[in-house]
Amino acid sequence: MKLAVTTALAAATLAVSLPAAAQFQKPEDAVKYRQSALSLMGTHFSRLGAMANGRVPFDAKVAQDNAALVETLSKLPWAGFTPDTEKLRTKAKADVWKDGAKFKQAQDNMMSEVAKLNTVAKTGNLDQIKAAFGNAAGSCKACHDAFRE
Ligand code: ASC
């Protein structure tokens, strides 16, 4: 059992860290992948937001489930920003490729904020969830402002 879990974890880590270019047959596939991951992240982040903003009643279990999904999903889009996708017409700005260090920093910041949100969601404290949600939303927006048309 322990071995199975360890093996599954190793496989999951490998899937996220494999050289991105090797994972997609065509640049269009990479774009579809990153857009799908970001879309799913937005869906689950919005469900948290609805509770953080009081639009739907707070349910700690729903908050926890969505925060966990958002953290997992936050790791996925970046592999889809392969160099061969720069030439395709998407909302990604040229700075994604021209200023890769800044783009990486924006990714790391967002992943860090949603990891904190997931930690806080486990406590079930709505005030803390609201604060962590606000910080995470800010990290989404900062990256969109800089790198999305
Ligand atoms: C969302 C969503 C985003 C972020 C962003 C935060 O729910 O889909 O892209 O929040 O709007 O500013």
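This is a predicted model: local features need pLDDT of at least 70, side-chain atom pairs count only at pLDDT 80 or more; totals for chains, interfaces and linings use all residues.

Modeller: With 8 residues, H2 gives the most to the lining of the largest pocket. The space in the largest pocket comes to about 610 Å³. Its lining is made up of 24 residues, and those closest to the centre of the pocket are Leu38, Ser39, Phe81, His144 and Arg148. Two or more residues of the lining come from each of H2, helix H5 (100-121) and H6. By kind, the lining divides into 14 nonpolar, 7 polar and 3 charged residues.

We may now turn to the ligand. The largest pocket is where the ligand sits. In the shell around the ligand, the elements that give two or more residues are helix H2 (27-52) and helix H6 (126-147). H6 gives the most to this shell, with 4 residues, whereas H2 gives the most to the lining of the largest pocket.

The residues around the ligand can be named one by one: Gly42, Phe45, Ser46, Ala137, Cys140, Lys141 and His144. Sorted by kind, this shell holds 3 nonpolar, 3 polar and 1 charged residue. His144 is one of the residues around the ligand, and His144 is also among the lining residues closest to the centre of the largest pocket.

In serine 46 it is a polar side-chain atom that lies 3.1 Å from an oxygen atom of the ligand. In alanine 137, by contrast, the atom concerned belongs to the backbone: this polar backbone atom is 3.3 Å from an oxygen atom of the ligand. As for cover, the ligand on its own has 310 Å² of accessible area, and the protein covers 61% of that area.

Technical notes:
Residues are numbered from 1 along each chain as its sequence is written. Side-chain values use heavy atoms; hydrogens and water are left out. A residue is near a molecule or strand if one of its heavy atoms lies within 4 Å of it. A polar contact is a pair of N or O atoms within 3.5 Å; within protein, one must be able to donate a hydrogen and the other to accept it, and residues adjacent in sequence count only if both atoms are side-chain atoms. Accessible areas come from the Shrake-Rupley method with a 1.4 Å probe; for residues, only the protein chains shown count as cover. On a 1 Å grid over the protein atoms alone, a cavity is a set of points where a 1.4 Å probe fits but cannot get out, and a pocket is an open set with protein on both sides within 12 Å along at least five of seven lines; lining residues have an atom within 4 Å of a point. A molecule sits in a cavity or pocket if more than half of its atoms lie within 2 Å of its grid points. Ala, Val, Leu, Ile, Met, Phe, Trp, Tyr, Cys and Pro count as nonpolar, Asp, Glu, Lys and Arg as charged, and the others, Gly among them, as polar. Grid points are joined across faces, edges and corners, and a volume is the space filled by probe spheres set on the points.
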